[in-house]
Amino acid sequence: MTAGTTITHGTTAEHELAALQREHGRPLFALMLRLSDGDRQRAEDLVQETLVRAWQHPEALRADDFTSVRPWLLTVGRRLAIDARRARQARPAEVGDAVLESARVCGDHAERSAAALDVRRAVRTLTPEHRDVLVLVYFQGASVAEAAEVLGIPAGTVKSRAYYALRALRRVLPGYTADLR
């Protein structure tokens with residue numbers, strides 16, 4: 001589309017927009033591609049938006065003041081690219097599905113806290129002898145021999161108390177049975 005292209009009833013006709021695309025589309029796309037850091041899809045969107053602006057403002061395409069509409073198109077496209085870049089910088093970066101699939105899964109602290117409270121309540125229901133063995137062996141990491149020495153009981157008694165304590169916890173905490181094996 002060059003100077004003097006006729007505009008019908010204040011809007012450009014489809015064939016005039018097609019001519020505008022044919023004549024100025026490649027240079028416009030090249031500029032948008034450069035301004036969008038090589039992102040072809042974003043560049044295509046910017047070209048499309050620029051042409052929509054041309055369709056919305058046919059008075060700007062009346063080229064009485066200049067010999068070509070290309071400078072107007074390039075200016076509009078550049079401003080749209082700048083606005084798009086500012087909008088992307090103003091909001092958090094978008095994350096694709098591939099990034100989410102490879103992201104490390106972090107446990108929910110609320111669930112861990114609730115589970116810890118449940119286990120504490122369940123341990124309080126044990127007899128003091130069973131509780132002492134569990135605390136030493138499972139929570140403090142003592143060996144059977146070390147727990148036997150600290151408690152002053154035989155190692156076999158430590159093993160049996162640990163067994164019965166875990167069995168009692170399985171009954172009290174049915175949802176946690178896989179963790180108690």
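Trainee: Hi! In what order do the elements of the protein chain run from the N terminus on?
Mentor: They run α-α-α-α-α-α-α-α-α. The secondary structure comes to 9 helices and 0 strands; helices (H or I, at least four residues) and strands (E, at least two) are DSSP runs, numbered from the N terminus. This is a predicted model, in which local features need pLDDT of at least 70, side-chain atom pairs count only at pLDDT 80 or more, and totals for chains, interfaces and linings use all residues. Residues are numbered from 1 along each chain as its sequence is written, and side-chain values use heavy atoms, with hydrogens and water left out.

Trainee: What share of the protein chain is buried?
Mentor: Buried residues are 27% of the 181 in the protein chain. Buried means under 20% relative accessible area, exposed over 50%, and partly exposed in between (1.4 Å probe, protein chains only).

Trainee: And which residues touch the most other members in the largest nonpolar core?
Mentor: Leu-20, Met-32 and Val-47 do, in a core of 16 residues. Helix H1 (14-35), helix H2 (40-56) and helix H4 (70-90) each give at least two residues to this core. A nonpolar core is a set of buried Ala, Val, Leu, Ile, Met, Phe, Trp, Tyr and Cys residues joined through side-chain atoms within 4.5 Å. In soluble globular proteins, nonpolar side chains tend to be buried together.

Trainee: Switching to H6, which of its residues are buried?
Mentor: Ala-115, Ala-122 and Val-123 are buried in H6. They sit on the same side of H6 because they cover an arc of only 95° around the axis, taken from the directions from the helix axis to the C-beta atoms.

Trainee: What do those buried residues of H6 pack against?
Mentor: They pack against helix H7 (128-139) and helix H9 (155-172). On the other side of H6, His-109, Ala-110, Arg-120 and Arg-124 are exposed.

Trainee: Which salt bridge has Asp-118 in it?
Mentor: Asp-118 pairs with Arg-121, their closest N and O atoms being 3.3 Å apart. A salt bridge is a side-chain nitrogen of Lys or Arg within 4 Å of a carboxyl oxygen of Asp or Glu. Both residues lie in helix H6, 3 residues apart, about one turn of the helix. Asp-118 counts as partly exposed, at 25% relative accessibility.

Trainee: How many salt bridges are there in the whole structure?
Mentor: A search finds 4. One of them joins Asp-37 and Arg-85, with 3.3 Å between the closest N and O atoms. Asp-37 is in the loop between H1 and H2 while Arg-85 is in helix H4, so this pair ties together parts that are 48 residues apart in sequence.

Trainee: Is Asp-37 buried or exposed?
Mentor: Asp-37 counts as exposed, at 60% relative accessibility.

Trainee: What about Asp-39, which side chain does it meet in a salt bridge?
Mentor: Asp-39 meets Arg-42, at 3.6 Å from N to O. Asp-39 is partly exposed at 28% relative accessible area, and Arg-42 is partly exposed at 27%.

Trainee: Last one: where does Ala-142 lie?
Mentor: Ala-142 lies in the loop between H7 and helix H8 (144-151). With 14% relative accessibility, Ala-142 counts as buried. Leaving aside neighbours within four places in sequence, Ala-142 is in contact with Leu-136, Val-137 and Ala-147, where contact means heavy atoms within 4.5 Å.
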